[in-house]
Amino acid sequence: MSLQKVEFVDTHGSVVRKCPGTKRHICCGYQTIDLVEGCVLSCSYCILKAYLKDDVIRISRNSDAIIAELDEIIDGCGDHILRFGTGELSDSLAIDRRYGLNRFLVEYFGRKKKAILELKSKWADFRHLEPFLNPCTVISFSVSPQRFIDAEETRTSPLRKRLKAARLAQDRGCFVGLHFDPVVIYDGFEKDYRYLIADIGRILDPAKIIWISLGTLRFPPPLYGLLLERRRKYLLTGEFIRGEDGKYRYIKTERIRIYRMLYRLLKSIDSNLFVYLCMERADVWREALGIEMKDNESLMGLFDERIKNVYGGTL
Amino acid sequence: MTDIRLSHIDLKDRRFSLSYPLHDATLRWSIATVGIIQPVILLDRTPYVPIAGWRRLDCARALGMKTVPALVVDMNERNALLIAIHDNLARGCNIIEKAAILDKMVSFGFPREDIFDLMENLNLNRHEKVLSGFLAIARLDMPARDFIFTKNVSFRNIDSLLRFEEKERKKIVSSLGSFHLTESTLREILEMLHLLKIRKGTITGRDMPALPNADALRTHLKERTHPILSGLHRKLKAIRDAMALPPGMDIRVDPFFEKEYIDIIVKIGDEEDIVATLGRISELAEKGYVRSILELTKGRIR
């Protein structure tokens, strides 16, 4: 699929990290396992372009050290049910069939039964992991309208395949996550999202969707110049401002409008769906979702509750 | 060295011309006062072809001199170009001259390694992308090159300017030519123009009407690229005008209306000021002004 160079590296220091969050925005307390750095999917808006120094895919080969680190973190945390993911500095599944990277993690979380592993992807193929899947693994897909995927996520699986794969995961006993991230403003995006959410309601079992995140497009300043240079019309239609964290994001009134619309559409599928905002301000939570979200701890508490509800206290 | 009649020199043959701009008032005054001290270098052809000393020749022509002191050399064109380049290197070259040097080296067929070596001596990165940027500068029309030179435009902004089509670039150069521009203002204006071009497919006269200065143009463009933000600023201004804040008191709002809170700044000279200020703040709150501003910062009003 890609000609990018792949290197196996011995990583030094910690590979498991708390999501860095962002200044004055509420973070869900996600933990990242930086098993792979770099991505073959190369979406046009990907912030990895601004963060990583080259396009080499670096795979950590220290699986024993990663397990030891996870043991220490999970056993040392009594306050929350931790959620881990390998999709922060890469796509969790894009090169997994070829390199078998996640299997040891899937098996580990299945044995551990105290935390959740989320494999977050735009690549709709996890069949190689099927024999090892267990309820502690959540298969998640980023979802966007097909029109947007055709324009900006050209190397990824089409939406239809992602949703079919999500359904397959549900049928194999896994919970699935959906990530509306990035939500992008372009001409006609509202209609496209209505169809997208209707498809989700038709194809997936809402009771087995563990969470849905909403996050509008945001990126660090160096990426803005790149998007202008590459004339990404889809990505530059909306009105951007610089947030308190210095990142470009849509102006607040627009973010609220988008979140309200998506929240209402999703809740119309099933009012029990767990929908959260990724990296948003407390006042946006209040205005868009009508939820008083004080801080990171409050959101982590909501996740704990959600996990307890859907797992029936088995975690 | 010999004196050569100016009429025997082909001043239209600019194949070795690198100097920009050609006219130099100080040099002209100097030559008018003491004459040409340093001889020009001419290629031995009929008529003679200037290699180095273009500014001196321009002054001589303007001053009506009949002859100029010259060194006449006979060599191939590539060596002549090297003489021209090295004659200019010592005094330091501006961005347009660097572009001309690289463009001529390419068109004279110098190997890439030689060109990259020279780029290092011109304090440029030896990189194909940098070279192609300079070649594009060399091929710009005169008004665009003048604009870059007179405004001392950075390479980053030149790169941004080059990404417009020629017709659009002409419009931009002619609109901005008379403005006092800082590097950051120019960058902001070019970014907004790119944004409009991406959204609409082209830049029209309505995007760049005749305006008195760069700030006015920046505000005009902001209205077009950021209509919601501009609308919020207009509403905020209307509220501020209605509030008629007394001297020594200010309300500060996040310029992007991202922060949900506002800062009320007061200057206090004595305790009585505190009482008076608090009274004034209460009055403003009672009249609903503070709430109106907070409505803007909470994203409730578009």
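Modeller: Buried means under 20% relative accessible area, exposed over 50%, and partly exposed in between, with a 1.4 Å probe and protein chains only. This is a predicted model: local features need pLDDT of at least 70, side-chain atom pairs count only at pLDDT 80 or more, and totals for chains, interfaces and linings use all residues. Residues are numbered from 1 along each chain as its sequence is written, chains are lettered from A and ligands numbered from 1 in the order written, and side-chain values use heavy atoms, leaving out hydrogens and water.

Biologist: Is A:Arg24 buried, partly exposed or exposed?

Modeller: A:Arg24 sits in the loop between β2 (16-18) and β3 (31-33) of chain A. Strands (E, at least two residues) and helices (H or I, at least four) are DSSP runs numbered from the N terminus. Its phi is near 60°, positive in a residue other than glycine. The relative accessible area of A:Arg24 is 49%, so the residue is partly exposed.

Biologist: What is the phi of A:Arg231?

Modeller: Most residues other than glycine have a negative phi. A:Arg231 lies in the loop between α8 (221-229) and α9 (233-236) of chain A, and its relative accessibility of 41% makes it partly exposed. Although A:Arg231 is not a glycine, its phi is positive, at about 50°.

Biologist: How much area do chain A and chain B bury between them?

Modeller: The contact (heavy atoms within 4.5 Å) takes 28 residues from chain A and 26 from chain B. On the chain A side, A:Arg231, A:Glu239 and A:Thr253 lose the most area to chain B, together 23% of what that side buries. Buried area is the accessible area (1.4 Å probe) that two parts lose on being put together, summed over both. Carbon and sulfur atoms hold 52% of the total, which is about 2,400 Å².

Biologist: Which residue of chain A forms a salt bridge with B:Glu260?

Modeller: A salt bridge puts a side-chain nitrogen of Lys or Arg within 4 Å of a carboxyl oxygen of Asp or Glu. The count between the two chains is four. For B:Glu260, the closest N and O atoms are 2.6 Å apart, and the partner is A:Arg281.

Biologist: What is the radius of gyration of chain B?

Modeller: The C-alpha atoms of chain B fill a box of roughly 90 × 45 × 35 Å along the principal axes. The radius is taken over C-alpha atoms, and the globule rule is 2.2 Å times the number of residues to the power 0.38. A compact globule of 302 residues would come near 19 Å, but chain B has 29 Å.

Biologist: Which element gives the most to the nonpolar patch of chain B?

Modeller: The patch covers about 490 Å² and is made by B:Ile264, B:Val266, B:Ile268, B:Ile274, B:Val275 and B:Leu278. Patch residues have over 30% relative accessible area and no salt bridge; like charges are joined within 9 Å, nonpolar side chains (Val, Leu, Ile, Met, Phe, Trp, Tyr) within 5 Å. Both β6 (263-266) and α13 (271-286) supply at least two residues. With three residues, the top contributor is α13(B).

Definitions and conventions: Areas by Shrake-Rupley, 256 points an atom, 1.4 Å probe, with all protein chains shown as cover.
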